[in-house]
Amino acid sequence: MRIVIWGAGAIGGTLGAYLIRAGQDVGFVDIVEQHVNAINHSGLRIKGPVDEFQVAAEAFLPDQLSGKYPAILLCAKSQHTRAATEALAPFLAEDGFVMSVQNGLNELIIEKIVGRERTLGAFVNFSADYHAPGEILFGGRGAVVIGELDGAISPRVKRMEAIFRKFDDDTLVTDNIWGYLWGKEAYGAMLFISALTHQSIAEALADGRYRHLYIRAAGEILQLADRFGIEAYGFNGFEPAAFLDDDRESINRSLDTLVAFNKRSAKTHSGIWRDLAVRKRKTEVIMYQPILTQAKSIDLALPLTRRWIQMIREIEDGLREQSLANLDELKAAVS
């Protein structure tokens, strides 16, 4: 089966390079011409402490692709989901599917464009960064989970499990992919707050002065999920149940485990921080729009969530600098 990976950046590039090395037929699509040219000319290089290798690969700009494909893995940033799905839809086989390998609840967008029956979900927490055209840093392994939106353990999910295991042998199939996606939304809220500063992820989560902000940020998202009857699942040390129960001893133990997990990664800062501090571009903060919409539908305020989202957007617009002072301001605003 030929797989198209739409978005050859941190997630798509890392996953695709491993699949190619294992013998899987993979083609990349990306909107960055220099990256496409570098891949076609010199191959795709993976570097970092996990692995060092280079593979020959085929890459296309969207208007260069032709044909119909049974599996398209969408690995674009959340803010590009709608445009990317509309662009890839003509290349999807009638009996094919799009799998969202992204951050956020993007399956909600994808299913409206290609149909729910042609949409699969995935959750990933490995650490990677796009560093240069044709080059990806693979900083550390993390959870990889795939599943049908309705929870069925279908033949196509089992086929994809076998393919994903070429990348990570610990890949899981779940009957609750939404639980993992909501869990990542809660963890992601903590990463967004850390990106208001220049602290590494490990430094941020270990900093006792602001730990209560991270606890509350995750808790707001998890409370919303709970109101909608979604059981959020944990991963790599993150334990949603402890946050929902407000069990401070278990919460601190969970955060300490996340600190240790992130210390092991060569990717010290989140992709959110890198977008703001290095690449000077918009982040994936739009992925919280469905959260805000659902909270509004049940009159749940989410005051901290709304405030840190506003602060991230101010940094994007050049109206605010990344600094620990942002966390002091955040504390004062929601105390």
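Which helix gives the most to the lining of the second largest pocket? I looked this up first, and α12 is the one, with four residues.

**Ground rules**

I am working on a predicted model, where local features need pLDDT of at least 70, side-chain atom pairs count only at pLDDT 80 or more, and totals for chains, interfaces and linings use all residues. Residues are numbered from 1 along each chain as its sequence is written, and side-chain values use heavy atoms, with hydrogens and water left out.

My helices (H or I, at least four residues) and strands (E, at least two) are DSSP runs numbered from the N terminus.

**Second largest pocket**

I noted a volume of about 310 Å³ for this pocket. Of its 15 lining residues, Arg82, Ile109, Ile286, Gln289 and Pro290 are the closest to the centre. A pocket here is an open set of points on a 1 Å grid over the protein atoms alone, where a 1.4 Å probe fits, with protein on both sides within 12 Å along at least five of seven lines; lining residues have an atom within 4 Å of a point. The volume is the space filled by probe spheres set on the points, which are joined across faces, edges and corners.

I found that α3, α4 (107-114) and α12 (289-297) each supply at least two residues of this lining. By class I counted six nonpolar, seven polar and two charged residues. Ala, Val, Leu, Ile, Met, Phe, Trp, Tyr, Cys and Pro count as nonpolar, Asp, Glu, Lys and Arg as charged, and the others, Gly among them, as polar.

**Largest pocket**

Next I checked the largest pocket, which holds about 990 Å³ of space. It is lined by 49 residues, and Ala10, Ile11, Lys77, Arg281 and Glu284 are the closest to its centre. The largest share of the lining, five residues, comes from α6. The lining has 25 nonpolar, 14 polar and ten charged residues.

Helix α6 (residues 177-194) packs on helix α8 (residues 211-227) at an angle of about 150°, with the axes 8 Å apart. I take axes as lines fitted to C-alpha atoms, for helices over the stretch in contact, with angles from 0 to 180 degrees between N-to-C directions. The angle makes α6 roughly antiparallel to α8; the classes are roughly parallel under 35 degrees, roughly antiparallel over 145, roughly perpendicular from 65 to 115, and oblique for the rest.

The contact (heavy atoms within 4.5 Å) includes Trp182, Glu185 and Met190 of α6 and Leu213, Tyr214 and Ile221 of α8. I see 13 nonpolar, one polar and one charged residues there.

I then turned to helix α13 (residues 303-316), whose axis comes within 10 Å of that of α6 and crosses it at roughly 45°. That makes α6 oblique to α13. Ala189, Phe192 and Ile193 in α6 meet Leu304, Trp308 and Ile312 in α13. This contact divides into six nonpolar, no polar and no charged residues.

**From α8 to α14**

My last stop was helix α14 (residues 325-334), which packs with α8 at an angle of about 60°, the axes 10 Å apart. That makes α8 oblique to α14. His212, Leu213, Tyr214 and Arg216 in α8 meet Leu327, Leu330, Lys331 and Val334 in α14. I put five nonpolar, one polar and two charged residues in this contact.
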